[in-house]
Structures are given as structure tokens and as C-alpha cells.
Amino acid sequence: MRRPLLPLLGLALAWIMLAASVIFLLAPLVVTVGVSLSPSPVFQLPQGELSWRWYARVGRLEGLLPAVLLSLQVAAFATAASLVLGTLAAIAVVRGQFPGREAIATFLVSPLMLPGLVIGLAMLQYFRALGLREALPSLLLAHVIIVLPYVMRTLVAGLALFDFALIDAARTLGLSYPRAVLRVMVPVLAPSFITGGLFGFLASFDNYPISIFLTDVYHRTLPIQLLQYLGESPDPTIAAVSTLIIALTLLVLFIGDRMVGLSRMAGV
Amino acid sequence: MRGAARLPSPGIGWLALPACAVAALLFALPLLLLLAVSLHGDGGWTLRGYARFLGAAYSWQVIGRTLALAFWTTLICLALGYPAAFALARTRGAVQSLLIAALLLPLSLSVIVKAFGWTVLLRGNGVVNRLLMASGLTDAPLRLLFTEAGLLIGITNIFLPFMILPIFTVVRQIDPRLGDAATTLGGGPWHNFVRVTLPLTLPGVVAGVTLVFSLSIAAYVIPNLLMGDRYQTLSTTIATAFLYLQDPQRGSVAGVVLLALSLAVVVGSAWLARRARATP
Amino acid sequence: MGAHLDIRGVSKRFRQSTVLDDLSLSVGQGEFLSLLGPSGCGKTTLLRILAGLLAPDAGRVTLAGQDLGRLPAHRRNVGVVFQNYALFPHLTVAGNVGFGLRARGVARAQIEARVSELLEMVRLAPLAGRAITQLSGGQQQRVAMARALAVNPALILLDEPLSALDRKLRETMQVELRALLRQLGMTAIFVTHDQEEALALSDRIAVMNAGRIEQLATPEDIYSRPATPFVLDFVGQSTLLHGVVVEAAEGFLTLHTAAGPVRAVGHFARGARVLAAVRPERIAPGPASDAAWTGITLPLQAQTFLGSRRLLHGRLPAGDRALVEVPPETEISGDALPIRWRVSDTLVYPVPEVA
């Protein structure tokens, strides 16, 4: 068969664009890792010799550890709360027969589509009006709104394909309703829980525009602490911290791949 | 009504109540309060905040700049991402997994880390300039950081995966025989693309464009880091008004304007998505 | 001996509609009983009430002398084979079959022994480690059976278990299923809307309509002595003739119908409006020769060749129809055919007066 020229050209273009995209996307990451391993105190790629000196300094960065712990704590709480709230709401939306189900689904996913900065600003004024000035509870509450849409979106998609007769089957085989949900629905929907949970967790862990309004001097989340380091004294220690974050993100994706498969996660 | 699956389960709708209550209390009410603050001033309801903000030529410059930035970002992402998604859909197995990982990693990575990478890449004695000079394309360092070109590079970099992935998920579901069918019907390659492939991938394009555009108009960290304080978009205006000027009304007004733009994008894309599905 | 399963006065309503209406039914130990009816007749609802997945609004269910009352599904010891099998996709074949035993906390060694025993029984032993998605429809059906039987239930409920299979496989599986349940002496309730399946498998059939049992009888009686026009219409085909009783004496009736006079056995008053019906294989070509026979002249409309037999369709006035089954080699010509059947084969039903 004679292959027409135009599709061939198109295909070549597509491959070039894909290669360019991947290089372009990974460039800042590669540079960050490179700078972190270079002995030079100015930002440049290592020339021959590698050094771990900037990693040794990471531990001495003021406020880093509390920021990491705070971010982990907030993300873990928000993800746990969202998984519970999101699962219940997703069941209601998929299984219920009441009017306005679609509207509820849209409402619960909408924080994802609206500017985080505006949401953060609105929350700040709201919490102040309610007299809530503590940073920690504000952050915990606000991050539920960050994570919930991720969980909601993947669970609605997962539940739409879930056969609820499986729960009936487990009940007739000797499991009470709650145990049937736990032993059948949870494992069958595990990919949705994991995907929604992981992306939600990362979204909370990385969130800047909402957190910026709710933190105080004693409660800085990691992104806010990082941005401050950038503004203060940019030296390659930041590159080392960034590389550690890249490694953490890689680890999370690796877990996701083992448990769900990347190509399913790409559908998010 | 067939079998067990469709028997009514009364009361199951109440399971949505906790999530709805949380979202109403922590999300809807704050936004309503924001609207109220933007309409409140001098001890009463007033549109003065809007008049003040929208009456200033500077504000329109900011709005125009925000929209232009989002427009160019979306266009570049589409031009890169649409063909890239096609190539990605043609890969198989481990290669595809690796490439998807290469998209998901930057997507899941903190924007601040990526922004930091770009400040290193773009600075006067940074990697890009060294490469340019070493290759002999330029003999003096180009100014990239704190320019709109640099900003566009950085912001495109952040949002490109959000364009590729939705298009990819649509493209990989297209039956490859459709192209053959169109060819046997006498369609040329260009004709095939316009009449068969493009309409089929349109839902993915709409999803990608919506995501990238609405994320771009709200972007804050990247403009702030790559351009500094003097380059004002709607997002930086909100932050400045609130965090430095202590002017909640101005910040709220700018916030409502940005919110309205986002809602317009979301509603408009929902309408477009419905059209894309309905068109044969 | 009392009934193994006894259902007394069970009712269920969903919002405005009554799905089960004061329904009673007894099933003997080891009996295979089918619930046959169109969709929406309440058969699946009854099944779910027996399984404990749905609570009845009224009525009582006892199984092996125990009042099931509000006993939840997981304490009933009732096995269910679901319509699309509802096999657990995250477990292997063996994992599915052993599920009920694990739920009951049976020791691991015992579970393994019981699972291999059952897989042997349904001839799936080599597939024990397979994922559910790797099985064919027939294999999935057998896993579902083995899973339901593994816990040695007091009663097994089958919800259209064969409807997802193609015709040929379905017939093989029918034979297999019946033999397996008989071998185990298992009491079974089989829900179906397929009358042929119900006729082929059941000890007794309960034909259901609008939440009630129209007739409960053996397959032979259901077919040849349908109690109501609904059963007549739902199970098998027939010639239908509307008419009026013009003579009634000593248990014999003469009806006036649009196709001519027809005789029947029964007790109706003169002038009563009735529906007369005859099963197609009871009819033969030829004029009614003596008093034991009755017949009409059939205006032929069409004939359909079905391989093992030939069906003749008659053209009759509105609401009436005629169907005659003849051997396939029968040559029919002309456009009218005298047909006859035994007087005792005429089924007569009262027609409610239209006010």
C-alpha cells in the first residue's frame, strides 16, 4: 500500500512534538537535580565532580522540618476526611434517584475549577468573620475543600461502573452490610480510592494559593516555607530540598503505578 | 426494571449530606461572603468598589494581560499537546508507561519546585543562555527572566500536561479502523483529519483547553516568581490588595471578577462539550 | 411433614405501587420451584425478600421451621445465584467459591478442602487460580453456583441464572444445573421469565402476575390446564375464540363463536360470555366425526415451517386467533380447512362483563 505523504509528515510532527514536550517538561526537574549535586555555590550544573554538601545543609534549614510535618499532617487529615465524605456523596449521586444529583456532583467538584487564590481569600474573610483565627484548624478545614473534588471525581467515575449486586452477594454469603462494603466495595474500588486519594494528597501537599491566606508565622506549610527560602537566600540548598520533593513525588507515583497502573491514573 | 440493580433504595441521597454541608459551609458561604464584602462599603451596600476597580484603565490593563497570558498559554499548549497526544496514543507497553510517568511527574510536582527550576534555567548566566552561547546562536546572554517570553515558557511548562492527558484519553479510544473506513470512502488525508479525527477528538480538546485556560487565568506562583511584583495579573492584584495594601474591598472586587471569568470559562466549556458531543 | 419453606401473606409496596400482594406459598424439602412471570410481576422482589435483602411490609417467612422474621441476609443461610452472577472481580475462582466460608470463619484447611470439592463438582478444578475476567459465561455461571452451594445453604435462590448465556449453552446448563441440585437434594427457587426454561426444569411452577400467584401447579398442569387467561397467554400458544354459552346441560356446553358453534366441558349459565381456548397440538385437520369431538372451519391466513412441525395460522374476527400444529410433511392447500379437537380439550374461561 502506498502511504500518503501528508499523514507521514503529520506523524513525524507528532513524534517531534511529543519528544519536545517531554524534554521541555522534564528540563526544570533535571536542572534542579543537577544544581543540587553541583559543588558550586552559584546555580550551575555539575562540571565533572558531584557533591552532597547541599544535602548536608538541608537539615540545618530553619523551619523546614516543621513545615514538612505540618504539610503532611494537613494533607493526611484532608485526604482521610475527603475519602469518607467523598465516598458517601459519590454513592448518593450514583445510586440515588433524587432530583439535583448532577448539580450536587458539579458543586462538589467545582473547587477544582475555580481560582484557588479567590477561594483562599474568601475563606480568610469567612474564618475571620466567624472569629476563627487559629492557623491550624483553618488549614485543616480549607484543605478538605482542596482534596474533596479529586476524590469525588474519581469515585463517581468508579462507582458508575461498580456492580452493587456484589454487595448483595457478599451479604447472602454471610457478611453484614458494613462488612460487605468493607470487604467487597473497598477492594473493588481500590483503584479509584488510590487515584483520587494520591492526587488529592499531592494537591494538598503542594497547595500554595489557598494556604497563603491561612498560615501564620508559626504554621507555615512546605510550599510557603519554600517560597520564602527562594525570596531570602537562594542557594543550592533549595535545589536539594526540591530534589527531595521530586523524589517523594516519584515515590507516590510509583506506589500508584504498583497499585493501580499509570495508564489508568492518566485518565484523571 | 431488571433485577436487583435498579430497585429503589430510598434515603440513599442523604449520604451526600455531610459532603454538601462541608462544601456549603467551607466553600459556598465564604464565596458568598466575598461577594458581600465586594458590595459593601461606607456602612451600606454599594457598587462603588466595582466602579473604582473597573473605572480605572489600569484594571483593564490587568484584566487584558491576564486573559492574553491565558490565551497564549492555551494556544501554545494546544499546538504542542495535540500532536504529542496522538504520538503518545500510538506508543505501547513500557514506552507508554514511561512517557505517561514523564507527564504525571511534573503534573503532580509542586509548582514552586518547577518555578525554581525555571529561574535557574532562565537567568542571565543560566543553562539556557550558556547553551545558546556555546552553540554560537547568540554571543551575549539573552534577558529571559523577568520577561514575558520567560513567563510564557514557565507557565506553558506548568500546564502542558493538563492539555496532553485529556486529549490522549480521547485519542486512545478512537477506533483506528475509522481512518481506514474514511479512506475507502474516498477521503484524502486532510479531509479525513478535518471530517473524522478532529470531531472525534473535540471533547478532549474542549476539556484540555478549559483546564489550561482556567488554570492560567488563576495562576499566581509562576507570574510572581518569574516576573516579580511589578507585573500584575488579576491573581497578583488580589494577593497584593490583601496581603500588602490591606484593602479587602479591592481584593474582593478583583476576586469576584476573576471568579466570574472562571465561571464563564467553565459554563462556556460545558456548553461547548455538549455541542461537541451532539455534532455528528 | 410440614413445608420446608413457608411464605404466608407477604406484601411489599414501593411508593405508590404494590409489588407483592398478600402472597402465600409453600415449598417442600428438595423441591425445585420456579417463579415465572413477566418483568415487574414481583418475582425478583419475592426472591430478595427470601434472601433477606429486602424487608416485607407484611407477612411471615419460615425456613426449616425457623421464622426468618427480620433476620438479616447474612444470618439466613440462603444461597443466591445472581442474574449476572455478581462474582467478585478482585478474587480468583477459588477466592469466590470460598468467600462464604471465610465470612463464617471456617478454618483455612477446611475451606481449601470444601472449595476443591465444589470446583470438582462443577468441573472447574483446573481453573481454581484464574481471575474471574478470564472465564467464559458458562464457566462464570458454574462458579456462581459453586459459591452459593459452598456454605451448604438450606435453600438456594436462582435469579435468572441462565439468561446471559446463548441458547445452545443455556440448554446444556439447564440439564447440568438440574442434575446437580437433584443430586444434592437442594431446595431451589428459580426466578425466570422464560416459560420453556420453567417447564423444562421445575417440579412445580408458580406463575406470577401483578404481585400475586395466578397458578401454582406442575409444569404439565400449567400447560394443559391453565387456571386463568393470563397463565394461558403467558405459557404457550393457543387458539382463542370469544363466545356466548347457548346451551348448558349435564356439564356440557355449546358456545356460539364467530367461527361457528364450539362444544366444551364445564359449568356456566346460559348467556354467559366466555373465552374458549385450545392448545395447537390438540388440534388436528379434519371434520368433527362424533360427539367426543368438536371443531370449526379455519380460514387459512399463513403457515410457518418450524422444522419439527408446521404451524397454521387462521384469519378470525378481532380478538380471536387460531393456531394449529401439524406434522411438517403435511400438505395444506386451499384457503379453508376443517379442524377438530376433543370436547374435553376446550378450555373455557369467564369473560368479565364490561359495565
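**Exercise 1. Which pattern does chain B follow when read along the sequence?**

Before we start, a word on the model: it is predicted, so local features need pLDDT of at least 70 and side-chain atom pairs count only at pLDDT 80 or more, while totals for chains, interfaces and linings use all residues. Residues are numbered from 1 along each chain as its sequence is written, and chains are lettered from A and ligands numbered from 1 in the order in which they are written.

*Solution.* 
- Step 1: take the elements as DSSP runs numbered from the N terminus, with helices being H or I of at least four residues and strands E of at least two.
- Step 2: chain B has 12 helices and two strands.
- Step 3: read in sequence order, chain B gives α-β-β-α-α-α-α-α-α-α-α-α-α-α.

**Exercise 2. Describe the side of chain B that touches chain A.**

*Solution.* 
- Step 1: count two residues as in contact if their C-beta atoms, placed from the backbone, lie within 7 Å.
- Step 2: the contact then takes 76 residues from chain B and 80 residues from chain A.
- Step 3: helix H1 (residues 17–38) of chain B supplies the largest share of chain B's side, 13 residues.
- Step 4: chain B's side divides into 60 nonpolar residues, 15 polar and one charged. Here Ala, Val, Leu, Ile, Met, Phe, Trp, Tyr, Cys and Pro count as nonpolar, Asp, Glu, Lys and Arg as charged, and the others, Gly among them, as polar.

**Exercise 3. Find the hairpin formed by S9(C) and S10(C).**

*Solution.* 
- Step 1: strands pair if DSSP finds at least two bridges between them.
- Step 2: S9 (residues 204–209) and S10 (residues 212–217) of chain C pair in the antiparallel sense over five bridges, and Val207(C) stands opposite Gln215(C).
- Step 3: two residues lie between the strands, and Ala210(C) in the turn has a positive phi of about 50 degrees.

**Exercise 4. Why does Ser344(C) count as partly exposed?**

*Solution.* 
- Step 1: Ser344(C) is in the loop between strand S19 (336–342) and strand S20 (347–350) of chain C.
- Step 2: with C-beta atoms placed from the backbone, 20 or more others within 10 Å make a residue buried, 12 or fewer exposed, and anything in between partly exposed.
- Step 3: Ser344(C) is partly exposed because 13 other C-beta atoms lie within 10 Å.
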